[in-house]
Amino acid sequence: MKAQEKYREMSIAEFFAKNKELAGFSNPTRAIYQTVRELVENSLDATDSHNVLPEVKISIKEVEAATDDKPAKYEVAVEDNGIGVPPNEIANAFGKVLYSSKYVIRQTRGMYGLGVKAAILYSQMTTGQPVFIVSSTDSSDNIYYKKLLIDIKKNEPVIIEEGQLLKRSNWHGTKVYLTLEGDWIRAKQKIIEYIKRTALIAPYAEIIFETPENEIYYFPRVTKKMPKPPSEAKPHPHGIDIEQLKAMVSFTKTKTMLEFMVEEFQSIGEITARKFLESIGIDPNMNPKMLIEKGNSKLLQVVATGLRTYKNFRPPRSDYLSPIGEELIEVGLKRLFNAEWVKAITRQARAYEGHPFIVEAGIAYGGNIIPTEEPVLLRYANKIPLLYEEREDVSYKVVSSINWKLYNIEEPMPLVVLVHVASTKVPYKGVGKESLSEVQELESEIKNAVQEIARSLRLYISKKNSERTLREKIVTISKYIPEIARSLSILSIPPDKWGTDGKNNNEKIIEKLVKIVSKSIELPKIDGKEEDPEKIVRSVIANVKLEQ
């Protein structure tokens, strides 16, 4: 008896519908959090990546209460003032999995063209409701809307309703409305924390969030300074594999391998291209299309291996990247934590496997920060807050390995550590985009960034401790000035004049003693500021009362 296996093709939409946990939709709690996250990230990519100061409005409303056997249903709505989606692209942008404007080498919050579609699939599977999209570009005279579902078998949008309205204002942007099963009660703290951390990293954005309980969280814009928008980059040869090389050869319009190397890759000039092709035995005048002709697979492999291993290519360019910047990180940390001391650093660009990346770090200390047994870690990748899988992240490995006592920080510590990685290809551990892999180059840069700021913090704490000791010394000495002055004033004049000149003489002696004490102690400068010892002496004296 022969067993018969049944075979059929599965569309990418069907695959993610059946494996929704791969995209972060493993349960109602994660699903409502992930939906908010994906929509907000799309909104920010549609604004700050195009030099538009973001205005993002988020609302979650309960539309059907939970029962004993079913979670509640919520409408999640996110609106932005971004560049909008062209009307002919709306259906595919929201209704076709792995259809996106992000399939170029450029730093973006999203990577796979999957996130918002995964949310739509989850919504569709749990409520059967279509997604409702409203959008308009800046140059359009109309506002366009569509209600659609995703045909899971075909991975195509199914338009339920569409139309257009005459635009009566200068509004541009996108509004998305999704209805899904979710667990707001369990997800509430994570969603609020996500929005807070988004406001921290984007202090140039105005964010309004309305909860199902009608609570309003408002994060006003505190600066108009924005990071420079990221730009599209050509691939670096060290990041090329065989399949990517085949795709590049298929689409290229160049006629020779020399032109192909110079035109299709970054940082390669004619001299470098000739030397590389010579090193792997390829004729510079050969048509690149020959690499994908039948029977030339070994030749293709030789070129792909050579691209990855040739040592004389220049490093990947970093000017395509968009780091947040030290000033904005410090502004965000000060606003959220009202810390005593804040400092940030943006490191020089480095690369792993041909992909450029920049590590930024910030530390906030003291003030309103609640002391804990270990630092509060804020993780970001391409300006996305990462809240789940903290202990799986390379940043956690670095921060938890640091002996903070070496930096004069004792437990419990009022300390917040922020780590941001900007890259054209962030090394996430999975499509859920919640933790970063332990790439050696990345780990080294994170450690160097955090330790560099920690050394500045150690200097601040040392100076502060020194100041505290000297201040205590000033206070101790100053307490006795009035009593010493009175005694000296009595001893310095004849007894028959005690009742006449004693008071004036006492005030003169106090002034002299104040000057002597103030000049004898020099307080250290802390962050460029130095307190006046004389003010401390006078404030102490003012509160001393002598017995008559």
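Predicted model: local features only at pLDDT ≥ 70, side-chain atom pairs only at ≥ 80, totals over all residues.
## The eight-stranded sheet

An open sheet of eight strands runs in the order β5-β4-β3-β6-β2-β1-β7-β8, and its pairing is mixed. At the edges stand β5 (156–166) and β8 (216–219); each has a single partner strand, so one side of each has no neighbour in the sheet. From one strand to the next, the twist averages 15°.

Strand β3 (residues 131–136) is joined to strand β4 (residues 142–151) by five bridges in the antiparallel sense. Val134 has Tyr145 in β4 as its bridge partner.

## Helices packed on the sheet

Helix α2 (residues 28–45) packs on the sheet, where it touches β1 (55–64), β2 (72–80) and β6 (173–182). The direction of α2 makes about 175° with that of β6. Helix α4 also packs on the sheet, touching β2, β3, β4 and β6, and its direction makes about 45° with that of β6.

Helix α4 spans residues 115–127 and includes Lys117. The relative accessible area of Lys117 is 3%, and because buried means under 20%, this residue counts as buried. Lys117 and Glu38 are 79 residues apart along the chain, yet their C-alpha atoms are separated by 9.2 Å.

## The pair α7 and α8

Two packed helices are described by the angle between their axes and the distance between the axes. For helix α7 (residues 257–264) and helix α8 (residues 270–279), the angle is about 125° and the axes lie 9 Å apart. The two helices are therefore oblique to each other, and α7 passes α8 in a right-handed crossing.

On the α7 side of the contact are Met257, Leu258, Met261 and Val262; on the α8 side are Glu270, Ala273, Arg274, Phe276 and Leu277. Of the residues in this contact, seven are nonpolar, two are charged and none is polar.

## Strand β12 and its partners

Strand β12 (residues 376–381) is largely enclosed by the rest of the structure, because five of its six residues are buried. Six bridges connect β12 with strand β14 (residues 415–423), and these two strands run parallel. In this pairing, Tyr380 stands opposite His420 in β14.

The bridge partner of Arg379 in β13 is Leu386. The hairpin of β12 and β13 has two residues between the strands, and Asn382 in this hairpin takes a positive phi near 50°.

## Backbone details in the loops

Most residues other than glycine have a negative phi, and most peptide bonds are trans. Asn51, in the loop between α2 and β1, has a positive phi near 65°. Asn51 is exposed, with a relative accessible area of 54%. Asn338, in the loop between α10 (326–337) and β9 (341–346), likewise has a positive phi, near 45°. With a relative accessibility of 49%, Asn338 counts as partly exposed.

A further detail concerns a peptide bond. The bond from Glu411 to Pro412 is cis, with omega near -10°. Pro412 lies in the loop between α11 (394–401) and β14.

Terms used:
Residues numbered from 1 in each chain as written. Heavy atoms only, no water. Axes fitted to C-alpha atoms, helices over the stretch in contact; angles between N-to-C directions. Helix = DSSP H or I, 4+ residues; strand = E, 2+ residues; numbered from the N terminus. Parallel < 35°, antiparallel > 145°, perpendicular 65-115°, else oblique. Left-handed = near helix turned anticlockwise from the far one by under 90°. Contact = heavy atoms within 4.5 Å. Nonpolar A, V, L, I, M, F, W, Y, C, P; charged D, E, K, R; others polar. Buried < 20%, exposed > 50% of the residue type's maximum accessible area, 1.4 Å probe, protein only. Pairing = 2+ DSSP bridges.
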